[in-house]
Structure formats: structure tokens, C-alpha cells
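Trainee: I am new to this structure. Can we go through it step by step?

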Amino acid sequence: MRKIMVWGLCVAALVGGQVFAQNAAQDTTPESTAPTANTITPPDPTLVQWSEFLTDEFDNPLYITNAGDGSNRLFVVEQTGYIFVVQDGEILFDPFLDVSMLLTPDVFQGGYTERGLIGLAFHPNYEENGTFYIHYINQDEHAIVARYRVSADDPNVADPNSAVILIDEQDPFSNHNGGQLAFGPDGYLYIGIGDGGDLGDPLGYAQNPGVVFGKILRIDVDSGDPYAIPETNPFVDNADYRPEIWAMGLRNPWRFSFDALTNDLYIGDVGESTWEEINVQPADFAGGANYGWNAFEANVPFDLDTPVPRGMILPVATYSHDEGCAVTAGHVYRGEALPALQGVFFYGDYCNGRVWTTYRGEDGTWNTSLFMETERQISSFGVDEAGELYLVDYKGSILKLTAAE
């Protein structure tokens, strides 16, 4: 049962990005320093604009990324199972990969769905090994993470027969699938998986250490068969926990990214009925964070029946459903074209296209503000090899953040 109310707790602090001390069975919060502070002036939205990069060219695009191989290509993920290459501003005719035949039928029926092809990440050594990873929901309603390789004779076409399944988990419901894949600065693959779906996490998966749902996982794709567990994963020696778990207490970590300069991890967790949140994990964090769902929604108590996790970490930024409905996390800007935006994290809302910024000042406080109204249906953000920022409009377009004309 969903319960949204404040109750009497012995609270140590309610500070964004800091721990929330509370009695519980186990303290899993490791030591860490705060996310990197920045000397930043407040970002001025009048100096920039979202310029049309590709207009109405895609069907339900969900992500854009680069391969980091020096080719300067961009790769656009469509929910219906296609990945397209964008080279020199032009979309290549043949898809890089087509896995449409592997997906659930609802993806092609025109109604709302959170399934489909939902994530893509290229190996840090892609230029040498040609491997990349996708995240999708298959016809049996399983969450799948698979490895593929580029074809031997065409760098713009993947080998569809090269698939190796790494993660295969039965989804209990159709929504809250997460989707993000990203390689960390440690070379490990981070995987976002939602709480399994339905309202209020009825199965209690986000706080269940024995399942992968409601978690961010971390695996070593360069060892083991098909992968290995990093020895530094926080629960690797605890038989009660899935050893892949890096962070837990998440509802639907749709998108997250690493700051290319500081290596801090920024996580957007889609809320339930009232609040959206951004969490930040400092670069030296040893893992094991618990972000509170479903005891809390953002920094507000949610379900009295769920014990408040000891060491729960609160978000650095939130917004209510008076301002939007579903957060889409983005990136810290590290490009060169817009130097005034260095160190600023951009994120947006899927429903109304608002874009916010946040950054941590020298005094340790987070500075968050509404940056721009785009009126787009923001399904994702992405960066090119130069670190320039792009916005993905679910209705079919890609926009690029550029200097105002």
C-alpha cells in the first residue's frame, strides 16, 4: 500500500548527496568524499540554444552516443530495435544493428510502452576489439544485456550473429526497466535496471538484495564467461546479496552518466507520483549506496512498511510533478564550444521538455535552476567525441546545444 506522509524518525541530516542515518539491520554505506566542487558561474540560457541537428528522422529514438573510436560517428538507438549511424551529419541508410525481431510485440503497436531496445554502450577499447553492448526486453519479457561485435568487413554494420547474452532476468511487469549501460572510468560495465514495475514496488525488489531489480549493477566484461564480478564490488563477499550489485534502492534509473573530467556518477531516478530526483555518486565512492526507494521517493517518505535503509543517500536535486512527470538524466558538459558551461550537469523532463542544470559550488552546496523550456519529449541526452551535448526528442529529432545566434 502506498503511504506518503512524514513520520517521526531520528534523522542525522537531510542534505542532498549526504547520508541519512537511521537504524537498520546493516550499514552498507562506505566512506567517500563529496562530489567534486566547481568554480562555476551560473549558466546563462540566453547564450545558447538547442539547434536542430537531425529533424524528424527517427522512429521513437531513445538514446544517442559515440563509439570513442576517433571516427566522430554518432549512434542513435530506436526503441523498435534499430541502431543507426550518423556520419558527418548524415544518417547512413543501412542500420548498424537490427534486433527488432527479438522484442516484445507491444513495441510495434503504437501505444505507450517502456520496453524495446533501451540501451547501448561501446567498449572503451572498441577501436581495437569492436565490441559493444545492448539492453533490451525480449519476446519472453526478459531483461537482456547482450554483447555484439562489429562485422569484419564494414565498420558501419554490426555482426548480428555475434550476440552473447550476459544478463537474462525475467521481468515481473512491463514497466520500470531502466535501460542505461555505461562503462565507468574503472573499465567496468554499469547496468541500470528498474524495480520490476507496477505501482509502489509491490514486490519490494528495490530493497531486496537477492535480485537485480531496482539496482545499478557493475560487471567485468573482460573476464569470466560471460563476465566476472569485480573483486571491489561492495557485496561480493555477502551471500545475501547478488554480487553484481553496485547500488540499490532505485525505482527506475532510466539514464545515468559519468562526468568525463571528475568521474563522478550522475543518476536520474524516475519517481512515482510526486517527485523526480538526481543522485550523484562521487568518483572515489566504494559502492553500496542505497537511494531509499520505496521507503522514500526522492527525499520524501513514501511507504511506512519499508524500513528506512541505514545510510540512505538523498538526492542532490529534485522536482515535483507540478513541474514535470519523468526525469531524463543527462551529462556534465565537458565540451570546448561553450566554455561558460564547463562542469554544469544538464537534465530534463520527458513529459514537458523542461531542461534544468545543477552543479556543486565551492561551498559544497548544489545550485539547481530551470535552464530552458524546449517543449520536446526528452527521452535522452548524449555527447559526441568532442564532449558536445545533444538532446533526443522521442518524437523523432536530435538537437545539439550550440551558441545562440
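Trainee: Which residue in β13 stands opposite leucine 181?

Mentor: Keep in mind that this is a predicted model. Strand β12 covers residues 181-183, and β13 covers residues 189-193. The two strands run antiparallel and are joined by 3 bridges. Opposite leucine 181 stands isoleucine 191.

Trainee: Which strands are at the edges of the open sheet that holds β12?

Mentor: The sheet has 5 strands, and their pairing is mixed. Their order is β12-β13-β14-β15-β19. An edge strand here pairs on one side only. The edge strands are β12 and β19, the latter at residues 289-290.

Trainee: Now β9. How many of its residues are buried?

Mentor: Strand β9 spans residues 131-137 and is mostly covered. Buried means under 20% relative accessible area. Thr131, Tyr133, His135 and Ile137 point one way, and they are buried. Phe132, Ile134 and Tyr136 point the other way and are buried too.

Trainee: Why do the β9 side chains point two ways?

Mentor: Take the general rule. In a regular strand, side chains alternate between the two faces of the sheet. In β9, one set holds Thr131, Tyr133, His135 and Ile137. The other way point Phe132, Ile134 and Tyr136.

Trainee: Which residue of β10 stands opposite threonine 131?

Mentor: β10 covers residues 142-150 and pairs with β9 over 7 bridges, in the antiparallel sense. β9 also pairs with β8, residues 117-122, over 5 antiparallel bridges. On that side, phenylalanine 122 stands opposite phenylalanine 132. On the β10 side, threonine 131 faces arginine 149.

Trainee: Which residue takes a positive phi in the hairpin of β9 and β10?

Mentor: The hairpin has 4 residues between the strands. The phi in question is near 65 degrees. The residue is glutamate 141.

Trainee: On to the pockets. Which residues lie nearest the centre of the largest pocket?

Mentor: The largest pocket holds about 840 Å³ of space. Its lining has 31 residues. Elements giving two or more residues to that lining are β3, β8, β12, β16 and β24. Nearest the centre lie Asn66, Phe183, Phe258, Ala260 and Val383.

Trainee: How do the lining residues of the largest pocket divide?

Mentor: Sort them as nonpolar, polar and charged.

Trainee: What is the volume of the second largest pocket?

Mentor: Look at its lining before its volume. There are 27 lining residues, with Tyr112, Glu114, Asn252, Ala326 and Tyr350 closest to the centre. The lining divides into 12 nonpolar, 11 polar and 4 charged residues. The volume is about 430 Å³.

How values were computed
Residues are numbered from 1 along each chain as its sequence is written. This is a predicted model: local features need pLDDT of at least 70, side-chain atom pairs count only at pLDDT 80 or more; totals for chains, interfaces and linings use all residues. Side-chain values use heavy atoms; hydrogens and water are left out. Two strands pair if DSSP finds at least two bridges between them. Buried means under 20% relative accessible area, exposed over 50%, partly exposed in between (1.4 Å probe, protein chains only). On a 1 Å grid over the protein atoms alone, a cavity is a set of points where a 1.4 Å probe fits but cannot get out, and a pocket is an open set with protein on both sides within 12 Å along at least five of seven lines; lining residues have an atom within 4 Å of a point. Grid points are joined across faces, edges and corners, and a volume is the space filled by probe spheres set on the points. Ala, Val, Leu, Ile, Met, Phe, Trp, Tyr, Cys and Pro count as nonpolar, Asp, Glu, Lys and Arg as charged, and the others, Gly among them, as polar.
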